[in-house]
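Subject: Handing over the structure

Hi,

Here is the structure I said I would pass on. Have a look at it first, then read on for what turned up.

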Amino acid sequence: MKRILNTNEFLHGGDYNPEQWWDEPDVINQDFALFKQAKINTVTVGIFSWAKLEPEEGNYDFSWLDSIFDRVEEMNGHVVLATPSGARPAWLAQKYPEVLRTDNLGNKRGFGGRHNHCLTSPIYREKVREINTKLAEHFGQRKSLVLWHISNEYSGECYCESCKNAFRDWLKNKYGNLDNLNHAWWNTFWSHTYNDWSQVNPPSPLGEMGNKGMNLDWKRFITDQTISFIDNEAAPLRKITPNVPVTTNMMAGNPLMDPFAGFDYQKVAKHLDFISWDSYPAWGNDNQTTAELGRNVGLVHDFFRSLKHQNFLVMENTPSRVNWHSVDRAKRPGMHELASLQDVARGSQGVLYFQLRASRGSSEMFHGAVIEHLHPEQTRAFKDVTTVGKDLENIRPIINTNYAKARVAIVFSYDSYWALQDAESYSKDKKIWQTIQKHYRYFYKHDIPVDFVSVEDDFSNYDLLIDPMHFLMSKAYLKKLASYVKNGGRVVGTYISGVVDENDLAYMNEWPKELQDIYGVEPLETDVLYPGQSNTLNFDGHEYKAHDYCETLINCRGKVLAKYASDFYQDTPAVVEHEYGAGKGYYLACRTDYDLLEKFYEKITANLIPEFPVKKFSSNISIQVRENKDQKYYFVQNFSDKSEQIKVDGELEDLLEKKIDRGEVVLNPFGSKIYYKKGN
Ligand code: GLA
Ligand code: ZN
């Protein structure tokens, strides 16, 4: 059965930990009064509540949570119920110390912090399964229960004996025997050949850190352990509450806004029913415009939406500021509404916060909250949240729509990302995610919808794939890509691609045949430039700079779109277009600034630029579409602190202000319009 989040309104609310105030009922009464005022309809409860749910082993107390469910149901709201495995009670850590993590230097961690658990510990898995079973049995029939939120921001690794043994078993299962393992990890190098499985250990600064195959397999192993931990958590929930979807909150880094890469989210996504992520951009920072940051956030929304190619949920964001950026700046007026509507524009089915009520003490007491310590009704955050609550009510029918269909996709492979980051060559920071962001910029500017695809996804619905810096390509992927292009697909590839196979072993003698067929060329050498150095390209009569990586190409059979202007590879091809079967490959052999990418994509995407009934005149404006078979909704958003003009063709209804707009319209600084057009 396909389980998706099923509500008839956008979720608005977030993390709520009333157990902190259990002896102060006035605080909780005040919370619920304020929820009503701020149009909060959802609470996410139980995330770190294990000690309150099971104060002693086997002694459960769910009465307090029952009363929260009752109150939420009185207001016709929704509950997102978390499982508590993200932090464990002191009694559990004391009685079963094996549940705690061991680091890669062999240090056993003590009780404290959170997310501090071993992934393979049988007793921890049993304890988690037990409490999840009890929660599902007790709360599973509650009409307000819309979603299971398992654990919290899964991350991290453990190097205890149990985890080491699990790693060895995982390797045995993958390689069958040590000869195969020794070959895949290229262990004859530096005399690293194993002759007994007990010699195999995870990567550690105390032992081996430079074995590429080992590092890669460790990441894959952590992915699989996280998956089996998730499956273990989810099993009782799926059995007892088959209609309630299961999610967990995923993460993106800051300030880069790159998806977490401690394990493979694309693989993990297959074990979840619904995707959620926690969005904490540093709005108002001092080295990016809001439009630039908005673009990077748009991209990472697209990444998370693409994990299941369906709507998702922003499970956490802050109504004001965080307590962990390098500078915890508050959102400027209008910024919160802008960011929240961007979430929805890109496919979020709600806007949820960390946190509803600020905790009074401990680590996160100064993190922004809907309800702050002082004058809670008067804070800007509270007013901003109320505005968003009203907006979400006004756009309620949009809950039944999806993000517009994309015909362009960016290929992203965790294996390749890990292997290239780990490659001891090129330069220290290879800027892989920044490269993806640079390519994406063109599509964002023209409001062309973009998906991400994993190497396992179906490519056949896309006109164009962007496949930058795809260092590790499996033989299966090479075949798949070649057949996609042969059958009419187009692909843009770049420098540092197709260098190693699935074991992180270099391809030998020649570049994989499939890539030669697609791109009509072969790379021979990569010239790596210092940051201040550059080469020049001539493309369509204009000069552009090349930086960082310049590959020299040989055996060119394609059409040369640009050549290098200097150095020992002067006058050799730098950008090549090549027909293969019914499709085309475009190879960019060097890294350039955005200026060249813009000209390049202009040439090849004329058929992909969407037509809207509203025109923009600035790249500070983003136009996103959510639609179903009968309706289209246009989210027109101004990511600048200045007013911007747009032009409506004919008439459009603005759902936020509930009025009809015609002709020239001014969008306020950070302002949004959500237009509705009947028919599709
Ligand atoms: C994460 C966690 C929350 C909280 C917030 C603070 O996203 O999931 O529990 O710590 O960060 O920003
Ligand atoms: Zn362990």
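Below are my notes, going through helix packing, salt bridges and a few single spots.

One thing before you start: this is a predicted model.

**Two helix pairs**

Let's begin with helix α5 (residues 122–139) and helix α8 (residues 212–240). Their axes come within 8 Å and cross at roughly 25°. An angle under 35 degrees counts as roughly parallel, so that is the label for α5 and α8. The crossing of α5 past α8 is right-handed. If you want to find the contact on screen, pick out Y124, R125, V128, R129, N132, T133, A136 and E137 on the α5 side, and Q225, S228, F229, N232, E233, P236, L237 and I240 on the α8 side. Sorted by class, the residues in this contact are 7 nonpolar, 5 polar and 4 charged.

The other pair is helix α14 (residues 432–445) with helix α17 (residues 594–604). Here the axes are 9 Å apart and the packing angle is about 55°, and the two helices are therefore oblique to each other. Again α14 passes α17 in a right-handed crossing. From α14, the residues involved are K438, H439, R441, Y442, F443 and K445; they meet Y594, L597, E598, Y601 and E602 of α17. By class, that contact has 5 nonpolar, 1 polar and 5 charged residues.

**Salt bridges**

How many salt bridges does the structure hold? The count is 43. As a reminder, side chains of opposite charge can pair when their charged atoms come close. I'd pick out three of these pairs.

D422 and K212 form one of them, with the closest N and O atoms 3.5 Å apart. This pair links distant parts of the chain: D422 sits in helix α13 (residues 414–422) and K212 in helix α8, 210 residues apart. That is the α8 from the helix pair with α5 above. Are the two partners buried or exposed? D422 is partly exposed at a relative accessible area of 22%, while K212, at 19%, counts as buried. The cut-off for buried is under 20%, so these two values fall on either side of it.

K632 and E627 make another bridge, and their closest N and O atoms are 3.0 Å apart. K632 is partly exposed, with a relative accessible area of 21%, and E627 is buried, with 19%.

Then there is E651 with R662, where the closest N and O atoms are 2.7 Å apart. E651 lies in strand β25 (residues 644–654) and R662 in strand β26 (residues 659–667), so the bridge ties together parts that are 11 residues apart in sequence. E651 has 47% relative accessibility and counts as partly exposed; R662, at 51%, counts as exposed. There is also a network to look at: D654, E657, K659, D661 and K673 are joined into one by salt bridges that share partners.

**A covered helix**

Helix α11 (residues 335–345) is mostly covered, since 10 of its 11 residues are buried. The buried ones are M335, H336, L338, A339, S340, L341, Q342, D343, V344 and A345. Just after α11 you will come to G347, which takes a positive phi of about 120°.

**Two buried loop residues**

Where is T102 found? It is in the loop between α4 (90–95) and α5. T102 is buried, at a relative accessible area of 8%. Neighbours within four places in sequence aside, T102 is in contact with N107, K108, E157, C158, Y159 and C160.

At the other end of α5, R142 is found in the loop between α5 and β4 (145–149). R142 also counts as buried, with 18% relative accessibility. Which residues does R142 contact, leaving aside its neighbours within four places in sequence? They are D66, F69, D70 and E73. R142 and E73 are 69 residues apart along the chain, and their C-alpha atoms are separated by 8.8 Å.

Cheers

How values were computed
Residues numbered from 1 in each chain as written. Chains lettered and ligands numbered in written order. Predicted model: local features only at pLDDT ≥ 70, side-chain atom pairs only at ≥ 80, totals over all residues. Heavy atoms only, no water. Axes fitted to C-alpha atoms, helices over the stretch in contact; angles between N-to-C directions. Helix = DSSP H or I, 4+ residues; strand = E, 2+ residues; numbered from the N terminus. Parallel < 35°, antiparallel > 145°, perpendicular 65-115°, else oblique. Left-handed = near helix turned anticlockwise from the far one by under 90°. Contact = heavy atoms within 4.5 Å. Nonpolar A, V, L, I, M, F, W, Y, C, P; charged D, E, K, R; others polar. Salt bridge = Lys/Arg side-chain N within 4 Å of Asp/Glu carboxyl O. Buried < 20%, exposed > 50% of the residue type's maximum accessible area, 1.4 Å probe, protein only.
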